[in-house]
Amino acid sequence: MKNTKRTYILILIVFINLFISCDCLQNGSGIIVDEETKKPLKNVEIKEIGKDFIQNTDENGYFEIRHISGGLFSCPDMTIIVSKKEYKTDTIMIKNGEDKLIKLYKEK
């Protein structure tokens, strides 16, 4: 009887640890354009806060972020910093699964 109880407790502990460490697939994408001309901006640097990875928009101003992140019941929002020479750097929040249009303003 004692071994059965211990087995159930061990199974419960393993199940709780698996449940708590659930990960989610975070994804977000978008297009970055010049605010005035509405033309896509290529080579805009995108850095997610809290991550070491930096990427750039393609020739159509498009970017996509996909990675695994911890989240017990839902994936957390992502905060990115977008920057390009001659434009104002901006900090943007992207909800998981969101496709975003981002307008960058030229520095004056």
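Author: Helices and strands here are DSSP runs, numbered from the N terminus: a helix is H or I over at least four residues, a strand is E over at least two. Two strands pair if DSSP finds at least two bridges between them. This is a predicted model, where local features need pLDDT of at least 70 and side-chain atom pairs count only at pLDDT 80 or more, while totals for chains, interfaces and linings use all residues. Residues count from 1 along each chain as its sequence is written, and side-chain values use heavy atoms, leaving out hydrogens and water.

Reader: What makes β2 and β5 a pair?

Author: Strand β2 (residues 45–48) meets strand β5 (residues 78–83) over four bridges, and at least two are required, so they pair, in the antiparallel sense. I46 stands opposite V82 in β5.

Reader: And how do you know that β5 and β6 pair?

Author: Five bridges link them, again with at least two needed, so they count as an antiparallel pair. T79 has M93 in β6 as its bridge partner. Their hairpin has six residues between the strands, and E86 takes a positive phi near 75 degrees there.

Reader: Why are β3 and β6 called edge strands?

Author: The open sheet runs β3-β2-β5-β6, with antiparallel pairing. β3 (54–56) and β6 (90–94) each pair on one side only, which makes them the edges.
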